[in-house]
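Let's walk through this two-chain model, starting at the place where the chains meet. Have the structure open while you read.

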There are 2 protein chains.
Amino acid sequence: MKPVEINDLPTSVWLDINTGVFEPCVEISRRKVSDLAMMFADQEAVQQLIAQGDPVVYDIRYHPFQTSTSDMALGVSTIYPGKVGDEYHMTKGHFHVRMDQPEIYFCVRGTGFLLMESKEGDFQVAEWRPGTITHIPPQYAHRVVNTGPEPLIWVASYHLAAGHDYEPIIARGFAKIVVEKDGQPVFLPNPRRPNSS
Amino acid sequence: MKPVEINDLPTSVWLDINTGVFEPCVEISRRKVSDLAMMFADQEAVQQLIAQGDPVVYDIRYHPFQTSTSDMALGVSTIYPGKVGDEYHMTKGHFHVRMDQPEIYFCVRGTGFLLMESKEGDFQVAEWRPGTITHIPPQYAHRVVNTGPEPLIWVASYHLAAGHDYEPIIARGFAKIVVEKDGQPVFLPNPRRPNSS
């Protein structure tokens, strides 16, 4: 991430909800299959896709709004439609580092699911369509899965201080994975969890 | 406002961006011309409209997301098209009480302006259309004005702790008022400000 500049004046951006592109944008992060390699269940499919050009899974556009006294931030993410093996394109997912940091997500295009899981193992799913707004409480890891034919695009409002912790997800994933069976998304136990059945 | 219940679980609502209605909604506030009576320049028009049925200027729908450790909130506001005399329908406008509380506004339907003014008198305007997202820094009063033919609808993300201070706006208004001249919105000095010219 670039160093964040303090700006105490109002800032406006313009978002195209069909593309997830907004201007002015301070930073873009692009995640390809190789960036999520350990997160997909089908490792053969992962290696094959990487060899075939390593397609983009999702893009995140950020705008930090750091002022002298506050640190809200805007993120707009776009998961492109697709699968790795039978598993739908998804974000890495993360916990917030700070215990007091929630996040609001607002789905503006596409369809899919928001997976959430607390450190105590409470697993929750929100079904998303354009207009769904979800409040993710602090201490719930969150991952978005695009199960539709279109890009899945959402707007996030959070605080820079929240911090991102990817380690528990890299180590264990979420309780369920979302795969296509007979053209429909289904939830299966995560094969990387020892007690999955 | 109703007492806010603590909920540590994820919550989702569904927003219809054409109407500004979301469900489930915890509370609705409706503002009629009489609720903004002192804020419009043309007091004769105000009294006439109140006598004619006191039309609704705007609605605000709230959902607080109070958890054990956090207090984000969602607000969706709809300003109906219309004027009071030559002055366009607008919100009351407010400062946040706390010095460290910004707000993010995301326009999803309609056209108009977001007026912002700091306590030091720095006046800023953001022109709004669907897709405009504005970060309002702490200590900037904010008011939205609907200058178009459609409802102007936006989504707000803020913290319950921010607090609302309407008093300076009731006393002095904003630096400019927005009125229709020859079918176009124009900015005029606020006649209630002693040094306006």
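Which residue in S12(B) is the bridge partner of A:Val13? The partner is B:Ile133. Before going further, note that this is a predicted model, in which local features need pLDDT of at least 70, side-chain atom pairs count only at pLDDT 80 or more, and totals for chains, interfaces and linings use all residues. Residues are numbered from 1 along each chain as its sequence is written, while chains are lettered from A and ligands numbered from 1 in the order in which they are written.

## Where the chains meet

The pair A:Val13 and B:Ile133 belongs to an antiparallel arrangement in which four bridges join S1(A) to strand S12 of chain B, residues 132–136. Strands here are DSSP runs of E with at least two residues, helices are runs of H or I with at least four, and both are numbered from the N terminus. Two strands pair if DSSP finds at least two bridges between them.

Chain A and chain B each put 37 residues into the contact, where two residues are in contact if their C-beta atoms, placed from the backbone, lie within 7 Å. On the chain A side, the elements giving two or more residues are strands S1 (11–16), S5 (71–79), S9 (103–109), S11 (123–128), S12 (132–136) and S14 (152–159). S1(A) makes the largest contribution, with six residues. By type, that side holds 22 nonpolar, twelve polar and three charged residues. For that count, Ala, Val, Leu, Ile, Met, Phe, Trp, Tyr, Cys and Pro are nonpolar, Asp, Glu, Lys and Arg are charged, and the others, Gly among them, are polar.

## How the two copies are related

## Chain A overall

Chain A has two helices and 17 strands. Its radius of gyration is 17 Å, close to the 16 Å from the globule rule for 197 residues, so chain A is as compact as a globular protein of that length. That radius is taken over C-alpha atoms, and the rule is 2.2 Å times the number of residues to the power 0.38. The C-alpha trace of chain A spans about 50 × 35 × 30 Å along its principal axes.

Of the 197 residues in chain A, 40% are buried. Buried means 20 or more other C-beta atoms within 10 Å of a residue's own, exposed means 12 or fewer, and partly exposed is in between, with C-beta atoms placed from the backbone. Among contacts in chain A between residues at least 6 apart in sequence, 69% join residues at least 24 apart.

## The core

The largest nonpolar core has 95 residues, and those touching the most other members include A:Phe106, A:Leu114 and A:Trp154, along with B:Phe106, B:Leu114 and B:Trp154. Such a core is a set of buried Ala, Val, Leu, Ile, Met, Phe, Trp, Tyr and Cys residues joined through C-beta atoms within 7 Å. Leaving out residues up to four places away in sequence, A:Leu114 touches A:Tyr105, A:Ala126, A:Trp128, A:Thr134, A:His142 and A:Val144.

## Backbone details to check

A cis peptide bond joins A:Glu23 and A:Pro24, with omega about -5 degrees. A:Pro24 sits in the loop between strands S2 (21–23) and S3 (27–32) of chain A. In chain B, the peptide bond from B:Glu23 to B:Pro24 is cis too, with omega near -5 degrees.

Some residues other than glycine have a positive phi, including A:Asp54, near 55 degrees, and A:Gln139, near 75 degrees. A:Asp54 lies in the loop between H1 and strand S4 (56–66) of chain A and counts as partly exposed because it has 14 C-beta neighbours inside 10 Å. A:Gln139, in the loop between S12 and strand S13 (140–146) of chain A, is buried, with 22 other C-beta atoms within 10 Å.
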